Amino acid sequence: MVPRALKPVGIALVDKPAGPSSFGIVAALRRRTRARTGHAGTLDPFATGLLVLLSGAATRLAPCFVGLDKRYITDIGLTATTTTGDPEGEIVEEHAAPSRAELDEALARLRGEIELPIPAASAVKIGGERAYKLARRGIAVDMPLRRSLVHELDVIVYSGDSAAVPSVRIELHVSSGTYVRSIAQVLGGHCTTLRRTAVGPFSVDESAPVDDATLLPVAEALERLPDEALERVSEPVRAGVLALEAPAGNGSAA
C-alpha cells in the first residue's frame, strides 16, 4: 500500500502574495493535501509571484526544478540603500537620484555574466550560520560573490526625467540563484517591489493562490523541462515518481 504522504503527486504553481513567507505557503498546501510538500526556490516575504511547489513523491524531483532560470519584474528605488536590499530593511544611505545616462551605463554593466555580492539578509551560511541571523544580531561580515548570468535586462519605465531618475522598473531573465536585491544594491538602490513571473517554462499566468491551486501532472511538467534539467534526477527515480502519480484527470490539491 502506498504511504499517504507520497500522494497526491504533482506540481503546484502558486501565486504568492506579499506578506507570508514561502515556507508559510508550503505549509498551507501541505495542510490541504496532507502529503509531504517541498519547493523549487523561495521568495522573500515582500515579494510576490510564482512559487513552484512539489507534492507527495514529486519532492524527489526537486533538483529538476531548482536550477531553472527565473524571470522577474522589479521596481528599484534609486535614492537610498537598505540593510536588506528591500523595503523591509533599515535605510543605510540616502543620495541624489542618478541621471538617465548614468543609470543606463550602470544597467549595461549588469547584462551578461556578472559577479554579485550575496545579500547579508540571505540564507547563505557564513561560518556555519545563516547570514540573515548574523545580520539580525548586527554582525557585519564580508559576503561572498556569486557568479550569475543576466540573459535579459530591460527597462519598462523610468521615473523622473533625463536629469534625475529616482526609480526604475525593470524586467529580468536571470540564471538560478541570482539575487535581484543585489542588482538593486549595485545600482545604488533597493527593491521596492519584486514579482517573479516565470520559473523555467512555467509562468505566473498559469498559477493560482495556494487555496485554489491544483496539481499539474508530473508527466506534463517533466515534458516541458530541458534535458539538462531532467538529468539532475536519475531515470529510475523519475519513473518511480510517475508510477505513483494519480490517474489522469485527478489533479486536485484538495
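**Side-chain packing and salt bridges in the predicted model**

Phe 65 is buried, as is Phe 202, where buried stands for under 20% relative accessible area, exposed for over 50% and partly exposed for values in between (1.4 Å probe, protein chains only). The structure is a predicted model, in which local features need pLDDT of at least 70 and side-chain atom pairs count only at pLDDT 80 or more, while totals for chains, interfaces and linings use all residues. Residues are numbered from 1 along each chain as its sequence is written, and side-chain values use heavy atoms, with hydrogens and water left out.

Rings of Phe, Tyr and Trp (its six-membered ring) are taken to pair if their centres lie within 6.5 Å, with planes under 30 degrees apart counted as stacked, over 60 as edge-to-face and the rest as tilted. The count by this rule is one aromatic pair, formed by Phe 65 and Phe 202, which is tilted, with 6.0 Å from centre to centre and 35° between the planes. This pair links distant parts of the chain, since Phe 65 belongs to helix H2 (residues 62–66) and Phe 202 to strand E13 (residues 202–203), 137 residues apart; helices (H or I, at least four residues) and strands (E, at least two) are DSSP runs numbered from the N terminus.

Across the whole structure, nine salt bridges are found, each being a side-chain nitrogen of Lys or Arg within 4 Å of a carboxyl oxygen of Asp or Glu. One of them joins the side chains of Glu 152 and Arg 71 (3.7 Å, N to O); because Glu 152 lies in strand E10 (residues 145–158) and Arg 71 in strand E4 (residues 70–77), the pair ties together parts that are 81 residues apart in sequence. Glu 152 is partly exposed at 35% relative accessibility, and Arg 71 is partly exposed at 30%. A salt bridge is also formed by the side chains of Asp 75 and Arg 169 (2.7 Å, N to O), which links strand E4, holding Asp 75, to strand E11 (residues 167–174), holding Arg 169, 94 residues apart. Asp 75 is buried, with a relative accessible area of 17%, whereas Arg 169 is partly exposed, with 34%.
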